[in-house]
Amino acid sequence: MFFYFPLWQGSGTTDELYSGVEYLYENLRDRFEFEIVPEFDTSGSEKKNKILNYDVLLKDLRLFKECLFQKDPDMLFTLGGDCSFCIVTISYLLKKYPGMSIIWIDAHGDLNRPESSPSATLHGMPLRVLIGDGDKSFTDICSTNMPIENLIKVGTRDLDQPEVEYIGENNVCMIDGNNEPSSIIEQALNKSNDKVYLHVDLDVLDPEVFRHVKCLAPGGLTRNTLVDVLRGVTEKREVVGGSVTEYTGSEPEDAKYIGEIMRIMSS
Ligand SMILES: [Mn+2]
């Protein structure tokens, strides 16, 4: 099952991710049969408990969760939006598939707690929330927590100091995105279980080849490397879920590329 979930409120106070994902949806809705979450709220709300748009994020994420449990899909691919909705999609699938590995392809750590986050944005915290560590209202949304050893991070290069410490203390699996695709694939396969979730934050790509994301970070993957890695993992593992996030642009060429990413991960 495919979902369109245009959450932007986890990315700050401006909604360029909303127009970006809306553009993708308009261009890809003929290729994928997207489900929509009814009564999704696109407004912003106050900062609370060190998290921007606190109330509306809680509301939208709870709606998404409710919708998923009603529809009960065995496979779930989501077009976003900002990374924070993965709190819902990953915990939902972990309940079905407790051993599922999460391959998180993203320039950033996404491992902050509200107290350590410089930006107060929820899209910098989803992995920590999934582990069960963070604001209680958000960790309560997770039906199942993610064991840290199920997490495999690819292409991460822009970390906050508390994240660096957390990664070191917890021995988080980190794969350098500047390796050859074959090496990235081999390392990811060595570490992963049979069932896999593939998360793509488009900011994992190098700004030289892809600029339409909110949080640019130099030193990233080429477009082909990302596609090769997704293909390599998909060939050897059962991919039960995935997400594509953080697009801000409106380019036909990008929509085509992102459609290809969605097709590969769901094939
Ligand atoms: Mn990111």
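In this predicted model, strands S5 and S6 (residues 173–175) run parallel and are joined by three bridges.

Ile 102 is found opposite Leu 151 in S5. Which way do the residues of S5 (residues 151–154) point? Leu 151 and Lys 153 point one way, Ile 152 and Val 154 point the other way, and all of them are buried.

Leaving aside residues up to four places away in sequence, Ile 152 touches Ser 101, Ile 102, Ile 103 and Trp 104, together with Cys 173, Ile 175, Ala 188, Lys 191 and Ser 192. Ile 152 also belongs to the largest nonpolar core, which has 76 residues; along with Ile 87, Ile 90, Ile 102, Ile 103 and Leu 198, it touches the most other members. Helix H3 (residues 86–96) supplies the largest share of this core, with seven residues. In soluble globular proteins, nonpolar side chains tend to be buried together.

Attention now turns to strand S8. Six of the eight residues in S8 (residues 238–245) are buried, so by the cut-off of 20 or more other C-beta atoms within 10 Å the strand is mostly covered. S8 pairs with strand S7 (residues 195–201) in the parallel sense, over seven bridges, and Val 196 has Val 239 in S8 as its bridge partner. From S7 the chain passes through helix H8 (residues 223–236) to reach S8, in a β-α-β crossover that is right-handed. S8 pairs with S3 as well, again in the parallel sense, this time over four bridges; Gly 241 in S8 is the bridge partner of Leu 76.

Which residues of H1 are buried? They are Leu 17, Gly 20, Val 21, Leu 24 and Leu 28. Seen down the axis of H1, these buried residues fall within an arc of 90°, so they line one face of the helix. The buried residues of H1 pack against strand S3 (76–79) and helix H9 (252–265).

How values were computed: Residues are numbered from 1 along each chain as its sequence is written. This is a predicted model: local features need pLDDT of at least 70, side-chain atom pairs count only at pLDDT 80 or more; totals for chains, interfaces and linings use all residues. A residue is buried if 20 or more other C-beta atoms lie within 10 Å of its own, exposed if 12 or fewer, and partly exposed in between; C-beta atoms are placed from the backbone. Helices (H or I, at least four residues) and strands (E, at least two) are DSSP runs, numbered from the N terminus. The arc is that of the directions from the helix axis to the C-beta atoms. Two residues are in contact if their C-beta atoms, placed from the backbone, lie within 7 Å. Two strands pair if DSSP finds at least two bridges between them. A crossover is right-handed if, with the strands pointing away from the viewer, the path from the first strand over the helix to the second runs clockwise. A nonpolar core is a set of buried Ala, Val, Leu, Ile, Met, Phe, Trp, Tyr and Cys residues joined through C-beta atoms within 7 Å.
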